[in-house]
Amino acid sequence: MAVRDLLLKVENLTMRFGGLLAVDRFSLEARRGDITAVIGPNGAGKTTVFNCITGFYKPTEGRIALAHGGENAFDALQSLTDSGSQHFRTDGEALFLLERMAGHDISRRARVARTFQNIRLFGGMTLLENLLVAQHNPLMLASGYTFLGLFGLPGFRYAEAEAVERARFWLERINLIDRADDPAASLPYGAQRRLEIARAMCTEPVLLCLDEPAAGLNARESSSLNDLLLFIRETQGTSLLLIEHDMSVVMEISDHIVVLDYGKKISDGDPAFVRNDPRVIAAYLGVEDRDVAAVTEEIEA
Amino acid sequence: MAATDTELDRAPAPEPVRPAASRSGPDVGKALKSAVLGGLVAAGLFVPVMGLRTVQTNFGLTLRDDWPSVAWAVGIVFVGRFLLSLLVWQRPDRRGLAELMPAQAKPLLARAATLLGPALVVLALTMPWFPNTGRVQLDLGILILTYVMLGWGLNIVVGLAGLLDLGYVAFYAVGAYTYALSAHYLGFTFWLALPLSGALAAMWGLMLGFPVLRLRGDYLAIVTLAFGEIVRIVLLNWYWFTGGPNGIGGIPRPSFFGLPFKRGEGGFADFFGLHYSPDQRLIFLYYLILALAFLTNFVTLRLRRLPIGRAWEALREDEIACRSLGINTTNTKLTAFALGAMFGGFAGSFFATRQGFISPESFSFIESALILAIVVLGGMGSQLGVAIAATVLIGGFEYFREFAEYRMLVFGAAMVLIMIWRPRGLISSRTPSVFLKQRKLISGEHVGEGHG
């Protein structure tokens, strides 16, 4: 298989909270159309990396670049960094420096969507409303920033019908179409996870970041989640970046795995490589005291 | 799914296992204990309220005690609680108040509830023409409608966007002073000043919005409260411009498309060939505030169905999720503050033209608290609930004037009772802004209250 274009390039990402070094010079490359997984023991700094990429934290140091379009988009990286602006566009291509952008702009302009470890739905709003809120920006434009919409002009009505149609598509895809008019808070846990993914997809992202999407799911739900994620990659042209503890999900669908431990990257490669990497095994299972020397030797070699 | 739910409802509930004592007869000791406890609480309340009174005599204020009244009050509570405990609360087949309603009455009641809104609209439209409507009733109607409008305006900020605003009266004051000052210094008429009042109040809404964007909960409440007080104190001390505590008088009355409400030639009555009556201006003012209130309601209902309205509600539910979906939370909050303030400003300029005289005294914190109470009692986000709460609160205030000092006591008790029975306000369910197959009301328990 030919090497795919670079989509996301994280370089030397460092995040410090007071005296705590949560992420230490972390680098990551994610390719377009890939499912990239970030794994690691609890507290390794995975969610912090996510929060930096999606703009919830401003990283202490480092560069996070994301490209839209062709393979040459990254050519402008150095000049963009030096220019001090947030993004650089040519026809059909665009390059964004996420660490310089505001949280909502990362979703709106750079088209990075995310879900949360503890699900964050709009509980008192219906499923349909949840999916329409996700289409806020195009709808806002269609409503002439509210002024035209206030008078009920047809342009807005068409745009809204289209938005409802997209919501219907995703509700059918996640098997929740029958509950479209129920409040999101009334859904069972697994369904809430699916709805959150569908909501993120309604923003039409280039990159979808999923924070432990399989947490709390049973085996059947977890396998249908795999199908959903593969469907998103195949049909929507969206690349995925996921944090996951469930190895059945990670090993089955990931193209590329990055392992974090104590804020540092300890392994990077395809699933087969990572699975057999002694450093990963040591990080996950720990090492007996008497084996430390042997393992260290193996790692050094 | 739905069918099984109703079947479950109809199935008889299993008889709960009860302690043998309650079967063998009422427990007198238990009843006595609860009665003594009730009596003690009553004594604690009534001794300072009824037992010790300050009376104005020739020698100044003196304290006069009134123990017989206290004894009566405590006695009534004691006996009442004893009897209730013995005869009602200990009965094995005791049912809640809600269960006393016959089953077939429930759908009927639900139907009646949907007609309540239109019925209130018709009532509001025809009120001035009822045979027994006089000046007093019209005045009260105008007052109630002013608060309905203020409640609806604040509802945008508190009910929809979930931002607790304790200084809403500041915008009311800005609107009122905009008209009063522009009429006084520049000779503006009401109709010219009305849009200006709204615009200036909206601008002050933005001014308040910017510093409080990052605040939530208690912190937001305190800053908005301070903002309300700052505006009032500035009005009070800016003596040469606002007249300070003396206020501004002689604010011109509104005209009917240029026709003043006056006796004789060139007036409203003369132009339409009617007999002059001072009630005509009152009726005009009534319809004016009704139209303004309807405008507020119409715009709010419209906005709820637009992306901005949904973004407000989403903001109330979860601000972080909003940001992750590309919603600019700063702008969304600011529009909520500005729009809410704008309607407050409109109401303020109406207040100025109705009163003819304004002073900073009319814009104290208690007004903010009252408007907020209307929104909370009505049910946050519910337009109908706010209208009902405004009518009950303001109407009740005026009608029970003769109760004097007990009025506040009754007001407090009513609020406590409503919060016990309906903790999410009179109308707690939320109507979805859009639906695919069927519009289902969303129970209040799912709806977020906002972070501040």
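Colleague: Why is Leu150(A) called partly exposed?

Modeller: This is a predicted model, and the term rests on a count of C-beta atoms. A buried residue needs 20 or more other C-beta atoms within 10 Å, and an exposed one has 12 or fewer. Leu150(A) has 16 within 10 Å, so Leu150(A) is called partly exposed.

Colleague: Where is Leu150(A) found, and how far is Leu150(A) from His245(A) in space?

Modeller: Leu150(A) is in the loop between H5 and helix H6 (154-173) of chain A. From C-alpha to C-alpha, Leu150(A) and His245(A) are 47 Å apart, with a sequence separation of 95 residues.

Colleague: What makes strand E2 (20-31) and strand E5 (87-90) of chain A edge strands?

Modeller: The order of the open sheet is E2-E1-E4-E6-E5 (chain A), with five strands in antiparallel pairing. E2 and E5 of chain A each have a single partner strand, so one side of each is left without a neighbour in the sheet. From one strand to the next, the twist averages 10°.

Colleague: How do you know that E1(A) and E2(A) pair?

Modeller: Pairing requires at least two bridges between two strands. E1(A) and E2(A) have eight, in the antiparallel sense, and therefore count as a pair. One of the bridges joins Met15(A) to Val23(A) in E2(A). The two strands form a hairpin with two residues between them, and Gly18(A) in the turn has a positive phi of about 55°.

Colleague: What makes strand E1 (residues 6-17) and strand E4 (residues 61-68) of chain A a pair?

Modeller: The same cut-off of at least two bridges applies. E1(A) and E4(A) pair over five bridges in the antiparallel sense. Within this pairing, Glu11(A) stands opposite Arg63(A) in E4(A), and Lys9(A) has Ala65(A) as its bridge partner. Helix H1 (residues 46-53) of chain A lies across E1, E2 and E4 of chain A, at about 115° to E1(A).

Colleague: Why is the pairing in the sheet E7-E8-E9-E3-E10-E11 (chain A) called mixed?

Modeller: Strands of a sheet pair through backbone hydrogen bonds, either parallel or antiparallel. The open sheet of six strands in chain A has mixed pairing. Its edges are strand E7 (112-114) and strand E11 (264-269) of chain A; each has a single partner strand, so one side of each lacks a neighbour in the sheet. Neighbouring strands are turned by 20° against each other on average, direction ignored.

Colleague: In which sense do E8(A) and strand E9 (residues 239-243) of chain A pair?

Modeller: E8(A) and E9(A) pair in the parallel sense over five bridges. In this pair, Leu210(A) stands opposite Leu242(A) in E9(A). H8(A) lies across strand E3 (35-39), E8 and E9 of chain A and runs at about 150° to E9(A). Helix H11 (residues 278-285) of chain A lies across strand E10 (256-261) and E11 of chain A, at about 130° to E11(A).

Colleague: How many residues are in contact between domain 1 and domain 2 of chain A?

Modeller: Chain A is divided into domain 1 (6-111 + 205-300) and domain 2 (121-203). A contact requires C-beta atoms within 7 Å. By contact, 12 residues of domain 1 meet 10 residues of domain 2 in chain A. On the domain 1 side, H8(A) gives the most, with four residues. By class, that side has seven nonpolar, three polar and two charged residues.

Colleague: How many residues of chain A are in contact with chain B?

Modeller: There are 33 residues of chain A in contact with 33 residues of chain B. The side of chain A that touches chain B has 12 nonpolar, 14 polar and seven charged residues.

Colleague: Which residues have the most contacts inside the largest nonpolar core?

Modeller: This core has 177 residues, and among those with the most contacts inside it are Leu66(A), Val148(B) and Ala390(B). Helix H6 (residues 135-160) of chain B gives the most to this core, with 13 residues. Leaving aside neighbours within four places in sequence, Ala390(B) is in contact with residues including Ile144(B), Val148(B) and Ile374(B).

Key: Residues numbered from 1 in each chain as written. Chains lettered and ligands numbered in written order. Predicted model: local features only at pLDDT ≥ 70, side-chain atom pairs only at ≥ 80, totals over all residues. Core = buried A, V, L, I, M, F, W, Y, C linked by C-beta atoms within 7 Å. Contact = placed C-beta atoms within 7 Å. Nonpolar A, V, L, I, M, F, W, Y, C, P; charged D, E, K, R; others polar. Axes fitted to C-alpha atoms, helices over the stretch in contact; angles between N-to-C directions. Domains from an automatic or database assignment.
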